[in-house]
Amino acid sequence: HPLTTDLSGLCRHLVSDAYDLLHRAGVTLDYECPERSLLIPGDPELIQRMLLELISNAARAVGEGRVGVALRRGGGWAILVVSNLGAPPSRRQLAALLQEDQGGDLPLPGQGAGLGLPIARHIAALHRGKLLVQGGDRPPSVLVSLPTGPLNGRSSVRAPAVQRDGGLDPVLTQLSDLLPDRVFGLEGLD
């Protein structure tokens with residue numbers, strides 16, 4: 001049951017929440033959106049999960065460097081781009097990003113389970129959107145196109161959702177494997 005969701009506000013809020021955490025891991029997160037508001041029909045929790053998966057993958061690929069998130073309107077579509085603004089990946093890194101040559105082996109520590117892109121692609125499909133990976137001789141970008149309509153003209157009341165995250169911040173949880181140990185210390189807890 002999609003709600004009318006402000007994708008620009010959701011992205012801005014999510015990037016703001018993730019910025020400091022990723023900065024501690026040596027990653028600078030940039031956000032660019034010329035529109036103050038971009039309304040789409042969608043599930044805000046699923047869209048947040050998709051965006052966090054894409055940011056996490058880009059941050060892992062860039063190591064220490066820059067990740068860009070850009071949002072714009074194109075016709076009847078919202079175009080979301082998550083880019084690794086570092087050096088182009090090697091063939092092996094690109095194959096890992098696209099889940100080629102996995103051979104059923106267990107991932108090594110720090111590699112991840114290889115589920116981020118399939119999860120993001122599934123969430124885009126649930127919203128009648130598409131997810132494309134652009135690569136080649138430049139750093140990879142993931143493009144997600146989501147339809148901007150039809151929007152529900154009636155305002156709806158939404159009861160608070162049942163908390164499914166065990167009280168943990170979804171941004172912190174999603175990015176936890178990228179963050180240095182000191183982020184999880186007890187300093188400052190008076």
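Predicted model: local features only at pLDDT ≥ 70, side-chain atom pairs only at ≥ 80, totals over all residues.
Residues are numbered from 1 along each chain as its sequence is written, and side-chain values use heavy atoms, with hydrogens and water left out.

**Salt bridges**

I found that the structure holds five salt bridges, a salt bridge being a side-chain nitrogen of Lys or Arg within 4 Å of a carboxyl oxygen of Asp or Glu.

One of them joins the side chains of Asp20 and Arg24, at 3.4 Å from N to O. The two are four residues apart in helix H1 (residues 7-24), and so about one helical turn separates them; helices (H or I, at least four residues) and strands (E, at least two) are DSSP runs, numbered from the N terminus. Arg24 is partly exposed, at 39% relative accessibility.

I then turned to Arg66 and Asp30, whose closest N and O atoms are 2.9 Å apart in a salt bridge. Because Arg66 lies in strand S4 (residues 65-74) and Asp30 in strand S2 (residues 27-32), this pair ties together parts that are 36 residues apart in sequence. Asp30 counts as partly exposed at 24% relative accessibility.

A further salt bridge is made by the side chains of Glu35 and Arg73, at 3.1 Å from N to O. Glu35 sits in the loop between S2 and strand S3 (39-42) and Arg73 in strand S4, so parts that are 38 residues apart in sequence are tied together by this pair. I noted Glu35 as partly exposed, at 23% relative accessibility, and Arg73 likewise as partly exposed, at 38%.

**Nonpolar core**

Which residues of the largest nonpolar core touch the most other members? Among its 41 residues they are Leu7, Leu22, Met50, Leu54 and Val144, where a nonpolar core is a set of buried Ala, Val, Leu, Ile, Met, Phe, Trp, Tyr and Cys residues joined through side-chain atoms within 4.5 Å. The elements that give two or more residues to this core include H1, helix H2 (44-62) and strand S7 (141-147), and H2 gives the most, with nine residues.

Last, I looked up Val144, which, leaving aside neighbours within four places in sequence, is in contact with residues including Met50, Leu54, Ile79 and Lys130, contact meaning heavy atoms within 4.5 Å.

Conventions
Buried < 20%, exposed > 50% of the residue type's maximum accessible area, 1.4 Å probe, protein only.
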